[in-house]
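Here is a friendly note to read alongside the model, written as numbered points. Please keep the viewer open and look up each spot as we come to it.

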Amino acid sequence: PMKAKTENGNFISPLVRTIAKAENISNEELSSIAGSGEAKRITKKDILQYIEDRKVATPKPI
Amino acid sequence: MTYDLIVVGSGPGGYVAAIRGAQLGMNVAVVERAELGGICLNWGCIPTKSLLKSAQVFDYMKHSADYGIAVEGEIKPDFEKIVERSRGVANKMSAGIQYLLKKNKVTVINGFGKLTADKKLEVLAEDGSKTNYEAKHIILATGARSRELPNLPQDGKTIIGYRKALTLEKLPKSMIVVGSGAIGSEFAYFYSSLGTQVTLVEFMPNILPIEDEEVSKQMGRSFKKNKIKVMVNSSVESVEGTEGDLKVNIKNKKGEIEVHECEIVLSAVGITPNTENIGLEEAGVVTENGRVVVDDYFRTNVEGVYAIGDIVAGPALAHVASAEGICCVEKIAGMHVEPIDYTTIPGCTYTTPEVASMGLTEKAAKDAGHEIKVGKFPFSASGKASAAGANEGFVKLIFDAKYGELLGAHMVGANVTEMIAELVTARKLETTGHELIKAIHPHPTMSEAVMEAAAAAYDEVIHI
Amino acid sequence: MTYDLIVVGSGPGGYVAAIRGAQLGMNVAVVERAELGGICLNWGCIPTKSLLKSAQVFDYMKHSADYGIAVEGEIKPDFEKIVERSRGVANKMSAGIQYLLKKNKVTVINGFGKLTADKKLEVLAEDGSKTNYEAKHIILATGARSRELPNLPQDGKTIIGYRKALTLEKLPKSMIVVGSGAIGSEFAYFYSSLGTQVTLVEFMPNILPIEDEEVSKQMGRSFKKNKIKVMVNSSVESVEGTEGDLKVNIKNKKGEIEVHECEIVLSAVGITPNTENIGLEEAGVVTENGRVVVDDYFRTNVEGVYAIGDIVAGPALAHVASAEGICCVEKIAGMHVEPIDYTTIPGCTYTTPEVASMGLTEKAAKDAGHEIKVGKFPFSASGKASAAGANEGFVKLIFDAKYGELLGAHMVGANVTEMIAELVTARKLETTGHELIKAIHPHPTMSEAVMEAAAAAYDEVIHI
Ligand SMILES: Cc1cc2nc3c(=O)[nH]c(=O)nc-3n(C[C@H](O)[C@H](O)[C@H](O)COP(=O)(O)OP(=O)(O)OC[C@H]3O[C@@H](n4cnc5c(N)ncnc54)[C@H](O)[C@@H]3O)c2cc1C
Ligand SMILES: Cc1cc2nc3c(=O)[nH]c(=O)nc-3n(C[C@H](O)[C@H](O)[C@H](O)COP(=O)(O)OP(=O)(O)OC[C@H]3O[C@@H](n4cnc5c(N)ncnc54)[C@H](O)[C@@H]3O)c2cc1C
């Protein structure tokens with residue numbers, strides 16, 4: 001199960017945790033997200049942005 | 001004189017910004033033309049809640065036999081004393097602000113503040129003298145006043161606004177309240193509870209029209225039980241007659257004109273921001289729809305000039321004004337500041353039963369395209385509510401079906417204005433439904449209904 | 001008969017476990033020897049809160065002049081009616097449990113349940129007949145009863161326990177309450193409020209001894225103001241005399257014996273788990289200090305046998321029993337279950353003012369080696385408290401200095417039993433001080449004191 005902290009020690013809210021699980025984002029990936037919240041907390045906004053960026057970075061093969 | 005920060009207006013926006021500024025090491029002045037503490041402390045939140053407390057105590061007394069307490073003889077609300085108490089509480093709070101400002105070494109400048117073309121602040125004192133002040137940063141926090149409709153001109157005798165409604169000399173026999181927002185509803189409940197025959201007229205299809213429809217409907221029923229006559233889809237067209245003997249023409253929901261008689265009309269149709277004569281034009285500050293335009297950190301288009309509270313867009317609430325003041329000042333001080341998330345702002349109506357809410361209504365959530373899960377728990381199923389004899393109302397929670405995000409909370413009942421804080425903090429901490437279900441709420445409390453409502457959304461509710 | 005799950009005892013542990021089991025598809029029976037709903041609904045949480053509500057209403061009436069309400073003539077609490085109301089509420093709630101169990105298709109078996117050596121359940125009915133039942137899983141939830149000390153034998157007339165204190169025939173003129181935990185304190189307040197001369201005797205140096213010391217001290221002051229005589233560091237040595245005319249020998253804090261006269265003594269010195277004659281020995285279930293030993297998921301050493309609520313270690317509270325029941329059953333059903341975090345459990349005392357707390361006291365936090373930040377906000381500085389005339393008390397929050405973790409919350413005041421839920425949920429969501437400060441609490445409410453207390457811990461408090 002996912003922990004309440006990323007590997008580099010940043011807090012992940014329950015909502016971010018749920019989104020990560022639903023969208024198959026690993027703990028490793030989470031650690032790479034720059035949190036915009038207090039004390040670099042990863043917020044819903046940050047993870048949704050990450051998912052958006054990921055889509056752009058890996059376009060579906062035609 | 002030169003300051004780091006001058007705040008114009010000492011309401012919950014202004015005085016809080018000033019104190020926070022002083023805490024952060026700024027040299028701060030506040031300009032105020034009237035009482036310290038603004039509308040909130042003197043003519044708004046605090047004196048109304050004081051009146052409402054008297055009404056609540058009176059309600060308990062009316063029903064004391066239900067609790068096994070007998071009264072021999074009559075129970076009489078003394079309207080003059082109730083108003084006097086309310087004024088006393090307001091004055092005490094205002095004096096408290098004076099103390100806090102002094103303690104934080106904030107200079108208080110009495111007078112009417114106005115921006116000048118060169119971004120100074122000109123203060124017109126009561127004696128007619130004018131003084132110019134300079135500051136690196138000027139925050140405008142001049143608040144708002146009761147909105148006047150052309151057909152409801154407030155003369156303080158036949159048609160009155162909020163202020164007069166707080167200080168009537170005697171209890172009117174009958175009153176028509178126009179507008180059923182939080183303020184109109186609170187006055188309607190207060191006067192009705194003391195014995196005034198109240199008619200509440202609302203233009204929209206439901207009272208408390210910004211609330212979730214189920215909340216509005218419940219309050220409509222509660223008000224009717226409380227002998228308030230509620231007219232929705234209706235509007236007051238005109239008022240005729242003389243003081244104490246008015247004929248009010250109301251267009252009812254069928255579009256017909258009904259003539260209602262009453263002693264006094266309270267116009268509670270919203271507010272008008274105080275943006276006149278404060279030098280916005282001179283300094284070139286941009287407004288839109290009568291409100292000062294600001295960015296996420298309350299900066300206007302003019303560098304060094306900021307605006308917060310009731311004169312900017314957003315809900316006109318004291319806690320919003322204070323939060324905006326703190327956000328604005330912390331940003332000025334160079335701190336890392338997150339913008340205010342307006343989807344977590346709670347709104348309360350301190351009637352009996354109380355109303356409290358945060359975030360999206362069911363309709364708004366659907367309109368915004370969310371697929372939602374809704375959980376509702378009625379206080380009729382709550383042990384504490386039964387023990388307290390307060391079974392009216394419910395907690396309704398709205399979650400996004402996809403990830404379980406808490407989108408909205410809507411409550412009616414005793415103490416819900418204290419209970420909403422849990423949901424505000426929970427949303428701030430990005431809860432999902434799961435954590436609310438698993439947070440062990442104390443038994444027996446009204447707050448258990450929050451846990452149960454969340455459980456209801458996920459088909460895990462125990463007590464219904 | 002064979003079930004998936006049999007629950008012995010229908011208190012808040014048992015009936016909740018049964019309903020959750022049924023929701024998860026199990027075929028469930030509950031065995032109960034007395035009233036459905038257990039102590040909590042019939043002889044604990046609910047009837048006490050009902051009595052206390054009457055006392056609160058009476059308190060309002062005593063002070064109604066402060067709120068501008070005049071009463072001509074006498075205000076008389078009708079003790080019989082107050083007790084009758086309390087019984088009515090309890091009976092209604094108990095009937096509600098019957099409805100819920102039926103709705104969830106849970107079988108109710110009346111009688112005394114006992115484990116057998118071969119892990120069946122033998123039920124002894126009132127008519128003396130015995131029936132054996134089988135189940136894959138048996139949860140013991142037999143609860144507890146008032147603890148009897150050798151020198152305070154309860155005869156229901158001179159020395160009484162909780163049950164009798166809920167159903168006295170008439171209001172005693174004087175009462176000595178032994179033990180000042182939540183239950184003793186609630187009864188002391190209730191009887192004192194109605195006019196009984198109450199002496200509260202506590203063995204420890206402070207009343208409400210498990211609370212934070214500042215809470216205990218505040219409650220000591222409040223009780224004295226409320227005319228309760230409080231004796232700490234004292235113990236009742238013996239009781240002499242006859243019904244209605246007792247001489248009670250109390251060893252006071254100097255070690256001297258004082259003789260106090262009173263009509264009745266209430267012994268409120270804790271509880272004794274109901275672990276006798278339920279077949280623990282026969283089935284080989286291990287106990288320790290009179291409580292059944294269980295693991296994180298409430299499994300005893302015997303496979304298929306579980307125990308929850310007042311018969312296991314941990315705080316003897318209804319919401320704990322319910323949470324344990326749900327946790328136990330969800331684990332049985334194979335769900336992913338997090339063990340209960342006992343550091344988030346709230347505890348409440350429903351006196352006036354109320355007390356609510358969660359987590360570590362200041363002393364416990366220090367003793368555990370935490371470096372802490374403490375923030376306190378008094379209700380004397382709260383606008384809502386002033387408007388409500390409820391300025392007594394405070395909110396005190398304890399944070400770990402290192403990462404800002406919320407370690408404890410301690411409150412005294414009106415409505416704090418509703419306010420503690422915010423802190424429970426916040427801790428569950430792993431808040432730090434920062435989020436509590438930035439969560440926009442509605443104005444004017446008592447709950448703003450939570451935000452302010454957090455701000456006080458970080459030197460950002462506005463209103464003191
Ligand atoms: C009857 C009533 C009940 C209410 N109840 C609640 C409630 O329960 N909860 C809630 O959140 N909100 C409530 N509100 C709304 C709340 O009062 C306002 O949202 C809040 O006061 C806005 O704060 P502010 O600082 O923007 O302005 P204000 O409180 O309006 O303060 C503005 C101050 O600026 C001063 N001022 C204006 N112009 C100048 C000038 N040019 N120079 C110097 N001084 C100036 C004014 O005299 C005033 O003191 C209520 C309002 C009313 C009318
Ligand atoms: C006066 C008083 C006030 C209280 N106030 C509060 C409060 O405000 N908040 C709070 O959280 N807690 C309060 N408590 C504590 C709370 O009541 C208990 O913690 C709670 O009831 C424990 O629940 P339980 O399910 O473990 O057991 P119980 O509620 O004790 O239920 C056990 C049930 O099992 C039945 N039983 C026992 N043995 C057998 C058997 N062998 N066969 C069949 N049936 C059996 C009993 O008849 C009983 O119905 C109060 C307690 C008292 C006495």
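1. Let us begin with ligand 2, which has 40 residues around it, the closest being B:H443, C:E32, C:K49, C:G113 and C:A318. A residue counts as near if one of its heavy atoms lies within 4 Å. Ligand 2 lies between chains B and C.

2. A word on the ground rules. This is a predicted model, in which local features need pLDDT of at least 70 and side-chain atom pairs count only at pLDDT 80 or more, while totals for chains, interfaces and linings use all residues. Residues are numbered from 1 along each chain as its sequence is written, chains are lettered from A and ligands numbered from 1 in the order in which they are written, and side-chain values use heavy atoms, with hydrogens and water left out.

3. The side chain of C:E32 places an N or O atom 2.6 Å from an oxygen atom of the ligand. Polar backbone atoms of C:D310 and C:C40 also face ligand oxygen atoms, at 2.9 Å for C:D310 and 3.4 Å for C:C40. On its own, ligand 2 has 990 Å² of accessible area, and the protein covers 95% of it; such areas come from the Shrake-Rupley method with a 1.4 Å probe.

4. Which elements of chain C each supply at least two residues of the shell around ligand 2? They are strand 2 (28-32), helix 2 (38-43), helix 3 (45-62), strand 6 (112-115) and helix 9 (318-332). Helix 2 of chain C gives the most, with 4 residues. Helices (H or I, at least four residues) and strands (E, at least two) are DSSP runs, numbered from the N terminus.

5. The shell around ligand 2 is made up of 20 nonpolar, 15 polar and 5 charged residues. Here Ala, Val, Leu, Ile, Met, Phe, Trp, Tyr, Cys and Pro count as nonpolar, Asp, Glu, Lys and Arg as charged, and the others, Gly among them, as polar.

6. Please turn to ligand 1 next. It is surrounded by 40 residues, with B:E32, B:K49, B:G113, B:A318 and C:H443 the closest. The site is shared between chains, because residues from chains B and C surround ligand 1. A polar side-chain atom of B:E32 lies 2.6 Å from a ligand oxygen atom, and a backbone N or O atom of B:D310 lies 2.9 Å from one. The protein covers 95% of the 1000 Å² of accessible area that ligand 1 has on its own. Helix 2 of chain B gives the most to this shell, with 4 residues.

7. Some backbone details in chain B deserve a look. Most residues other than glycine have a negative phi, and most peptide bonds are trans. A cis peptide bond joins B:T352 and B:P353, with omega about -5°, and B:P353 sits in the loop between strand 22 (346-349) and strand 23 (354-359). The bond from B:H443 to B:P444 is cis as well, with omega near -10°. B:K119 is not a glycine, yet its phi is positive, about 60°.

8. Lastly, visit chain A. Helix 1 (residues 14-22) and helix 3 (residues 44-57) of chain A pack at an angle of about 20°, their axes 9 Å apart. That makes these two helices of chain A roughly parallel, a term for angles under 35 degrees.

Terms used
A polar contact is a pair of N or O atoms within 3.5 Å; within protein, one must be able to donate a hydrogen and the other to accept it, and residues adjacent in sequence count only if both atoms are side-chain atoms. Axes are lines fitted to C-alpha atoms, for helices over the stretch in contact, and angles run from 0 to 180 degrees between N-to-C directions. Angles under 35 degrees count as roughly parallel, over 145 as roughly antiparallel, 65 to 115 as roughly perpendicular and the rest as oblique.
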